[in-house]
Each structure stands twice: as C-alpha cells, then as structure tokens.
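Thanks for coming. I will go through two interfaces, one between chains and one inside a chain. Please look at the structure first.

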Amino acid sequence: MKRTGAQIVWEALIREGVTTVFGHPGGAILPVYDAMPQYPVRHILARHEQGAGHMADGYARVTGDVGVALATSGPAATNLVTALATAMMDSVPIVAITGQVPTTLLGNDAFQETDVTGVTQAVTKHNYLVTDIDDLARIMKEAFHIARTGRPGPVLVDICKDVLNDETEFAYPEEVDLPGYHPYFGLDEQAVEAAAELINNAHRPVIIAGHGVQMAHAENELRELAERAHIPVAMTLLGLGDIPETHPLSLGMCGMHGEARANKAIQESDVLIGIGMRFDDRVTGDLDAFAPNAKIIHIEFDPAEINKNVPADVAVLGDAKEALQALMGKVKPAQHKNWMAQIEEWNRESQELDILNAEVDELIPPMVMRELWHVTEGDAIVVSDVGQHQMWEAQYFLHERPRQLLTSGGLGTMGYALPAAIGAHYAAPDETVWAVVGDGGFQMTIQELGVLMQERVPVKIAIINNGFLGMVRQWQELFYEKNYAGTPIQSPDYVKLAEAYGIPARRVTDRKDVTAALREAQEHDGPFLIEFQVKEEVNVYPMVAPGEAIDNLLRRRIVQGPSGLQPAW
Amino acid sequence: MTHDPSTFNKHTIIAWLEDKPGVLSRVLSLFRRRNFNIENLSVGHSETPGVSRLTFTVNGDDQMVEQAIKQLYKLVNVLRVEDVTEKPAVRREMALIRVKVDAKTRPEVMQLVDIYRASIIDVSMDSLVVQAVGHESRLDSLIDLLSNFPITEMVRTGPVAMTRGAAGKNGNGKHARRMAL
C-alpha cells in the first residue's frame with residue numbers, strides 16, 4: 001500500500017503502541033499534523049516544545065514505555081534539547097520526531113533550519129536524519145527499538161519535509177538489523193557466585209538501590225533479597241520507592257541530602273551492593289573517602305557504568321531482576337542485629353535534629369511535604385521540580401512504590417515538574433498526580449498551565465514559594481557568605497494567575513491551613529493550584545558540602561527555646 | 001575516580017565503524033565530551049564494504065582506556081573496538097615532509113632519506129618532498145634530523161595498526177564486546 005512519509009510516521013507510531021503524543025506544530029512538521037486526524041491518536045498541544053519533551057518523559061517514566069514528542073524544525077527542535085538531555089541523564093525512553101527543511105534546502109541556512117542531529121548528538125542515545133522516504137519505516141522501527149531496549153534513552157528522528165510529502169510502498173519491518181547494537185548480556189554466573197560469597201560473609205552490608213531497579217521491575221526481588229540476607233537499603237533520588245520507605249530495612253535516600261543513617265551506614269559498611277545505580281557524585285561525595293572499608297558489588301546494566309566512578313570488586317553485568325533472582329538462590333538467610341542496632345542509634349540522633357520534631361510556629365516546607373503524604377495516604381504520583389522542595393519531597397514524602405516519584409535527578413532541570421506531571425496523568429489517568437514545584441522552577445514552564453486549562457488535566461500543583469531560588473540561596477548562605485546575588489525572585493499572584501487559566505487555587509500562609517488546602521485539592525475533580533508562602537530562609541539538612549565525604553554532614557542546629565527544642569534558623 | 005598522570009600510558013585502539021554519514025562526528029563528539037585525551041587518529045576503509053576502520057591513540061590510565069572503549073561501544077554505529085597495545089601488532093604512519101635545500105644540502109638530505117629508507121617524491125630547485133613510512137618513533141627521529149635544513153611543510157597521517165598473525169576480522173560485535181569487558 002502506498003503511504004506518504006507523514007502517514008508512515010503515524011503507521012509506525014500506531015504499530016509501536018502509541019496512543020498519546022505531545023507536540024507543537026509548525027511549518028516543517030505540518031504534513032505529519034495534516035495526516036494526524038486519520039489515526040486513533042490523542043495529541044496534547046504543549047505551549048513550548050520543552051514542555052512537550054517533558055510530557056513525553058513523564059509519560060514514559062510512569063508507563064515504562066516510550067513517550068513521543070513532536071516538533072517542527074529549527075527553534076522548535078532546539079527547544080526540545082533540554083528535555084532530551086533530561087531524559088538522557090535519567091535513562092528515559094523517548095522518541096522525538098522533528099520536521100526538517102526539505103532535502104533541497106539542507107545545509108543552506110534555510111528558514112527555520114538547524115542542524116538538529118548535530119545539536120542533539122550529545123543528548124540522545126541515537127539520532128537520525130531522514131532524507132529518503134525508503135529509509136523512513138526502518139528508521140522509525142529502529143528508533144523505538146533503541147529507545148526502549150538496553151539502557152533506555154531518547155532517540156530523535158529528524159525528517160525532511162519533502163520526505164514527509166513523498167509517497168512510497170509501505171511495509172513496516174518485523175525485525176531490526178543493527179550490527180553495532182547489542183545491549184543485552186547473559187548473566188555471568190561466576191560474578192553472581194562471587195557476589196553471593198561476599199554477601200554471605202558480610203557483617204555490615206548495605207544496598208544502594210537506584211533507578212535501574214525500577215526499570216527492571218525488580219522491586220519484589222530487591223525486597224526479598226534484602227529481607228532474606230537482612231540488608232538495609234539506601235536509595236538514590238531516582239531509586240526512591242525501590243523498597244517502601246516505611247519498610248524496616250529502608251534507610252531512605254542517601255547522598256548529598258540523604259538521611260544521616262543512610263550515609264553513615266554506607267561509610268561504615270563492609271559490603272556495599274550498588275544495584276541499578278551509577279555512583280553519581282551526588283551519591284558518593286568525595287570518592288577517595290567513599291565507603292573506605294567496603295567491598296563493592298556493582299549490579300548494573302550498562303557496562304560503561306562499571307568502574308566509571310567507583311571500582312567494583314565484583315561487577316555483575318546485567319538486568320537487576322535477573323541478577324537478583326540468581327543471587328536469591330545463593331544468598332543465605334542472615335541476621336545483622338548489631339548492625340541494625342547501630343543504624344537505629346544513628347536514626348535516633350536524626351530524629352532529635354528533625355525539624356518536624358522541633359517547636360516551629362512558621363509555615364515550613366518539610367511540614368507541607370509530610371502533610372501531602374498524609375493527605376494522599378502515600379498513594380499519589382508526585383512529580384517534583386528541582387531545588388530545595390525537591391529534596392524536602394524526597395525526605396518527607398515516604399515513597400511506597402516504584403514510579404511514584406518523577407523528578408529530574410541527573411540533569412536537574414528546573415521547569416520539569418509541571419509538564420512531566422501532565423505526561424504522568426496521561427500515562428495513569430486514574431491516579432492523582434501532584435506537581436511539587438518551587439517558585440523558581442515553576443516560572444520556567446508556567447505556560448503549560450494552558451494545557452491544564454485546555455484539556456482539564458486534573459494535575460494538582462503545590463508551589464513552595466520562599467521568594468528565593470532557594471537551593472542556590474542555601475549555597476550562597478553556606479559557601480558564599482550570604483551574598484544573595486541574583487537569588488531573590490518575585491512571583492506573580494499565583495491565585496489570580498490560576499484563575500486566569502480557569503484553575504481553582506488557594507494561597508496558604510499559615511500552618512493550620514495546610515491540611516485543609518491539600519485535602520481540598522486532592523478531592524477536587526480537576527486541576528488545582530496551591531501556593532504555600534513558606535518561611536524564606538530555611539535550609540535543607542542534612543547536607544554534604546560538595547567534595548566532602550558523605551558522613552561529613554552539615555546538620556541543623558537545634559537549641560533550647562522557651563517552650564521546647566527549636567531550630568536555630 | 002582520580003587519575004595520576006604518572007600512570008598514564010599510550011594505548012593504540014582500533015574501532016570498526018559502520019560507514020554511514022555522521023558516524024565519525026559521533027565518535028569525535030564522544031571523545032570531546034567525555035574528555036578523552038586523544039593524541040591522533042586516522043580513519044579509512046577496511047576489508048569489508050560498509051565498514052570503516054579507525055585507529056587512534058589515547059593517553060590515560062587503564063580505567064580511562066576501559067571507559068573510552070565502553071563508551072565507544074555505546075554508539076550504535078560502532079561495531080567493534082580492540083585495544084592492541086599489549087598485542088603483537090604492527091604500527092605504521094606515513095609522513096610527507098617538504099625540506100628546504102640548496103645545491104650544497106641536497107645530497108645530505110638524500111643521504112638521510114636513504115638511511116631511513118624513505119623516498120623523495122618531488123624535487124624542485126630549492127626543496128624536496130620526502131615520503132616516509134614507519135613506526136612513529138622512526139618518523140619522529142627522521143623529522144628531528146630534517147628539521148635542521150629546515151622543514152617548510154609537513155603532514156603526518158597518524159598511525160594505523162594491525163595485529164600480527166591470524167587475528168581480527170570485524171565480525172561478531174557481540175562476542176568481541178564481551179571480550180572487551
């Protein structure tokens with residue numbers, strides 16, 4: 001059957017199971033939009049292509065399958081770059097389809113021409129420029145295959161406009177032929193044996209579980225192994241939910257703003273098992289001082305992550321699920337009572353320093369996050385932006401399951417949350433989706449409120465407004481002598497703004513109103529916005545200063561006040 | 001991971017690439033963004049149509065070289081990568097060197113060229129073009145001597161390498177990749 005290039009794009013998308021695409025039309029991609037009504041696909045119009053990219057990202061993280069973004073050439077494609085880089089760093093499968101100027105004009109500085117494959121080379125897993133319609137079906141097939149297999153990632157397909165208008169005989173390939181792409185390795189039995197041996201002889205074992213556990217759907221295997229061998233589990237930011245944070249073996253998040261018990265346990269461990277994580281600098285701090293007495297077992301899918309930052313004593317290359325299943329058969333049941341008692345002791349110290357256990361009259365963000373957890377009963381998808389609120393969310397919302405927290409962990413993209421939350425809604429329409437944002441990040445992609453308006457997307461927004469680019473301000477306070485250069489930020493009247501978009505909204509300035517506002521939003525059928533005007537200069541603690549060992553923690557000072565223990569602000 | 005330059009060694013690495021538009025650009029972009037210290041590289045056709053062969057030298061410790069190889073494998077168009085540094089291999093480079101001469105110095109240059117088994121491929125009244133092929137250390141030494149005359153123009157191809165005996169074919173990427181790990 002004859003199909004145009006534009007039709008081939010849709011034929012391919014349908015065959016790859018795509019039901020929802022996020023995009024923004026323009027000149028070079030117009031043939032694709034022209035053909036769109038012929039196909040059973042829902043299109044969500046983003047207000048900026050970065051938003052379309054993050055929507056596809058949020059959709060992909062919740063479904064575990066490919067999210068699709070559409071954009072035109074030139075500025076539209078360059079607008080996608082941040083979203084692609086975000087997805088690349090966090091291994092999120094996206095296929096981005098961009099229109100390109102006609103082949104006859106390529107390289108000619110034509111209107112809205114950018115070398116998109118050149119620009120996106122470093123922020124995609126792979127990319128294609130399509131100049132011949134007879135390559136198009138194959139390339140679409142390959143793009144989806146590459147995006148979703150191996151370590152997932154974004155793939156961009158840039159298609160010249162004349163290719164979209166050309167016609168050819170369409171046949172979708174059954175198989176891909178990529179001689180240089182072999183992402184799967186069989187599990188190395190010897191490595192599994194060696195890992196089990198180390199675990200069986202450990203006295204102070206710790207697991208650091210990452211995003212890879214979620215991507216491999218290995219959460220049950222992880223919990224079984226941790227319970228069997230009695231191993232406490234610390235999680236990376238993107239690993240939160242690998243094991244329920246209410247589980248007795250959960251240490252919570254580790255790293256720069258991790259729980260003290262998690263960081264101390266890692267440092268004191270004799271066997272450290274990294275699973276589906278990459279020993280990022282936010283996790284390890286000073287590499288030379290990281291887990292100094294531990295034998296390192298690294299279970300990881302991407303060979304390039306093994307020995308990249310931390311040399312592994314035992315490297316188990318492979319899928320986390322498969323590796324954990326194999327380990328289960330070889331790991332002996334154990335009890336590490338003294339070790340767990342030591343961890344509990346660290347935990348007790350932390351509780352005394354926890355701001356939620358101090359006497360505070362002001363409205364502070366950690367309390368909002370904990371209340372959000374209570375009000376949602378821990379059963380919501382939370383999409384956090386980047387900054388202080390992101391860390392408070394990570395610390396005070398107790399994540400129960402994988403794919404419950406979506407956040408830009410690797411790239412740290414401010415402006416991620418609102419569009420990603422929209423994508424998350426389309427991936428899981430029956431779930432409540434909360435976007436937790438700061439006043440800085442929210443203003444970076446605030447235009448996507450238009451999508452909430454147009455599509456009545458029932459995303460709930462909690463703005464933590466402290467009048468600063470808070471995390472940057474915190475660094476200025478701690479490392480730049482409170483030189484708050486460029487960090488005070490004004491906000492519009494968010495309640496009026498929301499009203500302008502037809503979105504109901506509340507402003508909360510008092511602690512006692514937090515729960516009611518959250519509950520109202522949670523129960524409201526449709527989008528809802530709450531602005532929390534919180535105490536301005538509150539820091540995220542604990543904190544590991546950049547380049548320090550992760551047990552060298554900056555803690556909040558708690559002092560005796562007139563009516564009890566109080567934070568020394 | 002911290003790196004001590006005193007432990008750095010030069011590694012000769014061969015990569016087989018799909019001969020498609022943009023592939024070399026992908027490789028170069030990777031070297032740059034991963035901050036790999038590439039001293040030279042040369043690329044050309046291999047024995048297999050559609051497969052080009054890249055030889056490059058990277059300076060670094062074992063971990064850095066391991067990273068370079070693994071990162072290269074992550075490029076979809078890279079078929080196979082082999083570090084031949086520790087393997088019996090021949091390495092050869094070619095140089096074209098234009099040397100300024102006069103009637104008096106011409107015989108001296110010709111004598112040096114003879115000793116180094118290089119050849120003269122162009123002659124004019126005031127210059128000679130020398131073609132030299134050999135291990136790069138041999139080329140270094142010839143160039144060092146010729147620079148006394150002096151050298152007015154030069155181009156070096158960068159070394160290419162091939163293992164000795166019955167080795168390599170660009171064949172099964174998956175198998176080779178497992179070996180590289």
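How many residues of chain B are in contact with chain A, and how many of chain A with chain B? Keep in mind that this is a predicted model. The contact takes 26 residues from chain B and 27 from chain A. Together the two chains bury about 2,200 Å², and carbon and sulfur atoms account for 49% of that.

Now the polar part of this interface. Ten residue pairs are in polar contact across chain B and chain A, both residues at pLDDT 80 or more. The elements of chain B that each give two or more residues to its side are helix H1 (23-33), helix H2 (62-74), strand E4 (78-83) and helix H5 (173-180). Of these, H2(B) gives the most, seven residues. Sorted by class, the chain B side has ten charged, nine polar and seven nonpolar residues. There is one salt bridge between the chains. Lys74(B) and Asp302(A) form a salt bridge through their side chains, at 2.4 Å from N to O.

Next, inside chain A. Chain A has three domains: domain 1 (2-169), domain 2 (189-345) and domain 3 (363-534). I will stay with domains 1 and 2 of chain A, where seven residues from each take part in the contact. Their centres, taken over C-alpha atoms, are 37 Å apart. The area buried between them is about 600 Å², with 57% from carbon and sulfur atoms.

Which charged side chains meet here, Arg151(A) and which partner? The partner is Glu305(A), in a salt bridge of 2.8 Å, N to O.

Terms used: Residues numbered from 1 in each chain as written. Chains lettered and ligands numbered in written order. Predicted model: local features only at pLDDT ≥ 70, side-chain atom pairs only at ≥ 80, totals over all residues. Heavy atoms only, no water. Domains from an automatic or database assignment. Contact = heavy atoms within 4.5 Å. Buried area = accessible area lost by both parts, 1.4 Å probe. Salt bridge = Lys/Arg side-chain N within 4 Å of Asp/Glu carboxyl O. Polar contact = N/O pair within 3.5 Å; in protein donor to acceptor, adjacent residues only side chain to side chain. Helix = DSSP H or I, 4+ residues; strand = E, 2+ residues; numbered from the N terminus. Nonpolar A, V, L, I, M, F, W, Y, C, P; charged D, E, K, R; others polar.
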